[in-house]
Amino acid sequence: MKFPWKVTAEQECAKDPKLKLEDIQKIQEWMKSTEYLPQVDDELICHFLHACFYDVEQAKKTIETFFNYRATMPDFFDNWDPNAKEMQEVVNDIIIAAPLPQLTEEGHRVIVCKLNDVSPERFVYALCVKWMFMSSMHTMWDKGIMNGYVIVYDATGYTMSHLLKCSLTNVRNYINYGKNASPIRVVKIVFINTSSVIKKLMTLARPFLNKDLVNMMSFHTSAEPYFGGLPPEMVPEDYNGTAPPVLSLHRESVKSVISSREWLLEEEKVRINEAKKQGKSKKDTSQLEDSFTKLEFD
């Protein structure tokens, strides 16, 4: 099945001379030779090549890890129905994941993530991550390759009670996905309105972080250090800009993602053929303690 790519592989190669059709073909032939990897569109391979800075061998490793993770991270990759009741509760009430209306001067797409309802009782970390992955896939179909992505986490209202509701395994899996399997190029991870809770979270997450990820991160106790450097027209009014508020931007994004529901349901089915994998072991994602509640804090 051909997914609804609005920018074709040929168009991606035409606008970026470092993307080559022959490299795409090499990866397609390699995927067929493995027998157990699924058939994918050339456009998805373009995204992996771009994310891996055009290194064909690295792209192969990333693609294989991507599909291994899909098979071993059910909390993130099963039931990709944006209209499911539990997902509707998350996107309508609990979280905001708002793409800003313009790209940065470097051509980067900025996404602001924050709590909408700050009550810990309703917070479900795995569903929030799943929404990020679903909306990311929709964005790739809809917008094509971006020079890079900037993820801004606004920690307003995030408390120790939220942290204690997170599965440590899922936190590790999210970080590992970003390090090893993402088809998009994340260039910055910005934390704003941080508190001691975020410091504790980063202390616990540090064993899973590599140098590249750490170098992408910046931490600010207010929004001004990051948003103050952007043109007012791309900054939401919540952060003293002239763009619509983040909740409004989030609502528009949700509508757009839901419009791709049938494709997201099909995308969920694109998996490794375990019967043909000939006994190769899955990555084990269950070795850590299940919850932050089992950890001691200084």
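How do strand β2 and strand β3 pair, in the parallel or the antiparallel sense, and over how many bridges? Hi everyone, let's start with that one. Strand β2, residues 108–115, and strand β3, residues 148–154, pair in the parallel sense over six bridges. Pairing here means that DSSP finds at least two bridges between two strands. Helices (H or I, at least four residues) and strands (E, at least two) are DSSP runs, numbered from the N terminus.

A quick word on the source. This is a predicted model, in which local features need pLDDT of at least 70 and side-chain atom pairs count only at pLDDT 80 or more, while totals for chains, interfaces and linings use all residues. Residues are numbered from 1 along each chain as its sequence is written, and side-chain values use heavy atoms, with hydrogens and water left out.

Back to the sheet. Five strands make it up, in the order β1-β2-β3-β4-β5; the sheet is open and its pairing is mixed. At the edges sit β1 (95–99) and β5 (217–219), each pairing on one side only. On average, neighbouring strands are turned by 15 degrees against each other, direction ignored. For angles, axes are lines fitted to C-alpha atoms, for helices over the stretch in contact, and the values run from 0 to 180 degrees between N-to-C directions.

Let's walk across the strands. Cysteine 113 has tyrosine 153 in β3 as its bridge partner. Next, β3 pairs with strand β4, residues 186–192, in the parallel sense over six bridges; there, valine 152 is partnered by valine 190 in β4. Then β4 and β5 run parallel, joined by three bridges, and phenylalanine 191 stands opposite phenylalanine 219 in β5.

Now the helices, starting with α6, residues 85–94, and its two partners. With α13, α6 packs at an angle of about 155 degrees, the axes 10 Å apart. Gln88, Val91 and Asn92 of α6 meet His250, Arg251, Val254 and Ile258 of α13, where contact means heavy atoms within 4.5 Å. These residues divide into three nonpolar, three polar and one charged. The classes are Ala, Val, Leu, Ile, Met, Phe, Trp, Tyr, Cys and Pro as nonpolar, Asp, Glu, Lys and Arg as charged, and the others, Gly among them, as polar.

The other partner is helix α7, residues 125–143: its axis and that of α6 come within 10 Å and cross at roughly 85 degrees. The two helices are therefore roughly perpendicular to each other. Glu86, Met87, Val90 and Val91 of α6 make the contact with Leu127, Cys128, Lys130, Trp131 and Met134 of α7. By class, that gives seven nonpolar, no polar and two charged residues.

Last stop, the inside. Thanks, and over to you!

Methods: Angles under 35 degrees count as roughly parallel, over 145 as roughly antiparallel, 65 to 115 as roughly perpendicular and the rest as oblique.
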